[in-house]
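User: I'm new to this one and would like a quick tour. Could you take my questions one at a time?

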Amino acid sequence: MLVGYGKEYQVIVVGAGHAGCEAALAAARMGCSTLLLTMGLDVVAMMSCNPSIGGLAKGHIVHEIDALGGEMGLNADATAIQFRRLNTRKGPAVRASRAQSDRMTYSARMKKIIESEEMLDLKQATVMSVEVGERGVRGVRTREGLFFASQNVVLTTGTFMRGLIHMGLQNFSGGRAGEPASLGLSDCLRDLGFSVGRLKTGTPARLSQRSIDFSKLQEQTGDTHIRGFSFLNNGLDVSQLPCHIANTNERTHEIIRNNLHQSPLYTGAIEGIGPRYCPSIEDKVVRFPERNSHQTFLEPEGRDSSEIYPSGMSTSLPPDVQLQFYRSMVGLEQVEIMRPGYAIEYDFVEPVQIRKSLETKLIDGLFNAGQINGTSGYEEAAAQGLMAGINAARRAMHRSPLVLGRDQAYIGVMIDDLTTQPTREPYRMFTSRSEYRLLLREDNADQRLTPLGRDVGLVDDSRWLKYEAKQVEFSKGLRVIEQRRISSSHKEILDSLELGDLSQGLSLKEVLRRPEIAIEQIVPFVDELASCGAEALEQLEIAVKYEGYIERQYQQVERMRGLEGQSLPASIDYMHITGLSQEVKERLAEVLPETLGQASRIQGVTPAAIAVLSIYLKRWKKEQQN
């Protein structure tokens, strides 16, 4: 018998991982009464795999979450033990931030933030089903026999739906090592008509710090100048811990090859599809036989933890085999395993069944975010959680959803990809997925998204004032370099910048365009620039040096807007449109694209098919008007 809880929430979030935390905080901060349900109160925002935030493209996403008013960037900055900025010698589009986090502190701080949010209730319960009525979702039912009512539910189930852990030839139910799987919910979703699939991911063993001979390994320290993820943190003073680099060798690979018969990946015990870009160590050895060594970074899990995370070494081999191959590596000859690595299979819901708002097409008021949508990574999950929380709250307020375009954010690229393309493996964000990556840099995420965060109610006055001050600095700096000219009379600056004699003179903007000259070389000679912050100066230099490329990308955006602006009604029956192949009809009917632009990105939908659709849409609109 169901027992009503006696309180109806405007938004319910199921699961308190990285997606669930962002979703619940967003909804509550926007003024909605919100309930966050988790199977365990002690594992809120747990870093199930690697103890780090950011990286290539993922760092861009964290900056975007922060710019919109999310929590991940602030939490990462507050709990970091090492910072590194990647690709600093490459172009600005691919420069990315990464931070090692204190795993337990990250979780504890996020839980404290959630518990202190006035409009948010945090409760421990296991959700068994989503209850649905004629008008859409009604609430959720728990294993404990309680019914929590809400017309807006966000599912962020992570790897817990029918989770199955594999260690060698042994397997057992679990959503994470030491935690039970969620049983019943995926069956409920199937019964409601959703297409549910199966994916796989994995994690490496955790090694004992005191059993490693670090003197034999290469040390990797953090950056001297620390730049955090949050735009609220101009400079951070953090006592950083080093990582160390170790390498596999031929003996390691021989041990792995000799034990493939004990790997569920190669015995057929695992049916789920794993991430192509984050393969297990046994997968690397098999797929790249020409490689006699693979690198691993030994990353500390926290300041007060002796556990070491060996990145890139996820495995599902038996624990005794794991110990053998680790001990074959230099520096790890006496290593002890504190927790063995494992693979995990879990259910996900095919994301072509959701709209760009992350609301499901099948059931009004039901939103999916995170690994339930077939993604991998904390950052991808948190971004989806933030958007689902925003849109669940906006639905509760009877407002239209916030949808980010591919030209606005990597978050928009990811959601468009998920809702358009079939899921063949866990989705991971890369800068190469964006056709406008020079526009979607880390440094300008605030310019792109903070006004939107302000509009939805997640950017408070202090953040907004800081944002406005930076824009004023940027505008002032741009005026200065456009208007200030130097000539042969400015001998000091000419000599410093090695410009030679300038008979006609140049503006500072023209000087800065030169690839060999950095803005830091100009600042000492211009008082107005010296008063600008480092972030504004960086944006100024990028805007000048890449002006032509940036303008070209804006022109590409304008050309695509014509297609993006043409909405495709959900009522269109694609199967009866003449001129389309059967394959195209089936793909369009499966995805139900919202615009011609989205339709153009569906695999198998040709430019000729888009032309047919465009003609059909014009006729359809005329018929509707008549």
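User: How many bridges join strand E3 to E7, and which way do the two run?

Analyst: Keep in mind that this is a predicted model. In general, strands of a sheet pair through backbone hydrogen bonds, either parallel or antiparallel. Strand E3 covers residues 34-38, and in this pair leucine 37 stands opposite lysine 123 of E7. E3 and E7 run parallel, and the number of bridges joining them is 5.

User: What is the strand order of the open sheet, and which strands are at its edges?

Analyst: The sheet has 5 strands with parallel pairing, in the order E7-E3-E2-E11-E22. From one strand to the next, the twist averages 20°.

User: Which strands does helix H10 lie across, and at what angle does it run to E22?

Analyst: Helix H10 takes in residues 378-396. It lies across strand E2 (11-14), strand E11 (153-155) and E22. Its angle to E22 is about 170°.

User: Is aspartate 446 buried or exposed?

Analyst: You'll find aspartate 446 in helix H12, residues 445-456. Buried means under 20% relative accessible area. Aspartate 446 has 3% relative accessibility, so it counts as buried.

User: Which side chain makes a polar contact with that of aspartate 446, and at what distance?

Analyst: Leaving out residues up to four places away in sequence, aspartate 446 touches Ala67, Phe231, Pro451, Tyr467, Lys470, Gln471 and Gln539. The polar contact joins its side chain to that of lysine 470, at 2.9 Å.

User: In the hairpin of E12 and E13, which residue takes a positive phi?

Analyst: Strand E12 (residues 164-167) and strand E13 (residues 170-173) run antiparallel, joined by 4 bridges. Across this pair, leucine 164 stands opposite serine 173. The hairpin has 2 residues between the strands. The positive phi, near 65°, belongs to glycine 168.

Methods
Residues numbered from 1 in each chain as written. Predicted model: local features only at pLDDT ≥ 70, side-chain atom pairs only at ≥ 80, totals over all residues. Heavy atoms only, no water. Pairing = 2+ DSSP bridges. Axes fitted to C-alpha atoms, helices over the stretch in contact; angles between N-to-C directions. Contact = heavy atoms within 4.5 Å. Buried < 20%, exposed > 50% of the residue type's maximum accessible area, 1.4 Å probe, protein only. Polar contact = N/O pair within 3.5 Å; in protein donor to acceptor, adjacent residues only side chain to side chain.
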